[in-house]
Amino acid sequence: MLIDTSSLGESTQLVQFLNAVSNNPTVSVQSDVLVNRADNKSRTLNVIIRTQGNRDEKLKEVLLCLSGQKSDDFNITIVCHKASSADVKSLINSLPYQPKRIRDRISLIVVNEGGRSHPLNVGLSYTDSPYFALLDDDDIVFDNWVSSFIEGIQSHPGKLIHSGVYTQKWISRFTEKGCEMMSTEWPKATYCCSFNSIRQLVENRCPIMSIAFPFTLYSIFKMKFDESLSTLEDWDFIERASQICGVFDTGNSTSIYRLWESNEITSRSLHAKDEWEVNRVYVQKKLFKSPLMISGEQVEAITSNLWIDAPLPLPSSEVTADLRFSESKYKPIKQIDIEYDPAALINTVTIRDIDRNAESIIIRLRESGLYRITDFIAELHQEDCVKSCNVYQVNTNGYCQSQNTISFLTRRSWIEIPFDSNNEISSIILKFKYENAIDERLLTGTKLIVRFKQGILRRIERKRLFL
């Protein structure tokens, strides 16, 4: 569904957002030449390979990796950028030696103008697949690189599809036999993790080959790579694209990003550190000027770590309970009623159907995070009376600062309420105020990282207290 924003003002967040994601400074050049065209078969993924034509052995390895893919549902577009005529001729002459199943799906385009981003935009203009992915000519992809993308596209169409990436140090050297390459260490799982849109705002954690993009970004939203950037053009594009489409993680690690230790010509060696920093600041300023769209999971991650002094509703999805019997047997409680009184700021947790053979009940309030509960009281309802318990009358892995306040500093916080031998309890009601905060007097030292109200990160060590 396309939205007509003509009736909305330029100051509205929706218009600002759409303008920001389609902000594509480009170089007005039309010097690309299609040298070789692939067959006319429609395939799901177009793989755009950027090369300068002067790394023959590395490009051969990339094409070798693609020839060994489990899935054949892809085309290849090689964009040869600012290459010498000799290198272009060498590349053209090498194509007939590729296996026919690879040779038939290769398009070769020669581009002589523009910066690092321009060949990527040219590759997009020749794409007719519903998705595209990007490779540099020195990347290594595993046999499940394409298939992982295809499976993600089929299960979550329209989203960016993200896979993990290893890093590995390599060296290359020229001998009488030609260019020899070898790794100098085992691969490291540097980027083998889920996509984190919050961390991506600070630094790029997604090498260019880790994501497959829906072509609608280009065809409908008119998104292109920012050609004013000499580096970090991939980070800028990923940020804008993920805002629109969201991201699905395949859960697979499918490639290696090679870190060259020898005198290799790479983007790191061609561009000074100051240039990288200028581009980083530029990308972040673009982000700061537009509204931010993030997934519900990331919103939950942010709010669970906010430092809020005022009492607030307990995250009910994280509350569980078990009845404990003799001989360390446990029975989960299926029904837990949770209410929040916004006037009194009180959370109420009600648990019914208590088995009279149970010796205690263990209630888990949250899986992670630093927080405290105050004004705590536990009511044990029996047929003819109600027995109340304070903090000192229960067991807990939190720190009891008073008879009605517990601070939790560890994962999987819990409270255990013991029962009398003549257990006739019909229901249990917990009442307390829940706060994303703790008493700072509990924290000393240099190990635990905590975000304080001012937003300052301090390293501190939790010291066990006996209060």
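L232 lies in the loop that joins α8 (216-219) to α9 (233-245), where helices (H or I, at least four residues) and strands (E, at least two) are DSSP runs numbered from the N terminus. Although not a glycine, L232 has a positive phi, near 60°. The model is predicted: local features need pLDDT of at least 70 and side-chain atom pairs count only at pLDDT 80 or more, while totals for chains, interfaces and linings use all residues. Residues are numbered from 1 along each chain as its sequence is written, and side-chain values use heavy atoms, with hydrogens and water left out.

D375, in strand β17 (residues 371-382), is another non-glycine residue with a positive phi, of about 50°. S290 belongs to the loop between α11 (273-288) and α12 (296-304). Its C-alpha atom is separated by 8.4 Å from that of N19, which is 271 residues away along the chain.

The table gives relative accessible areas; buried means under 20%, exposed over 50%, and partly exposed in between (1.4 Å probe, protein chains only).

| Residue | Relative accessible area | Class |
|---|---|---|
| L232 | 13% | buried |
| S290 | 17% | buried |
| D375 | 37% | partly exposed |
| C385 | 37% | partly exposed |
| C389 | 7% | buried |

Zero disulfides (pairs of cysteine sulfur atoms within 2.5 Å) are found in a search of the whole structure.

As for confidence, pLDDT is the predictor's confidence in each residue, from 0 to 100. The chain has a mean pLDDT of 83, and 83% of its residues reach 70 or more. Over residues 445-467, pLDDT stays under 50. For this stretch the model has 53 contacts (heavy atoms within 4.5 Å) beyond four places in sequence.
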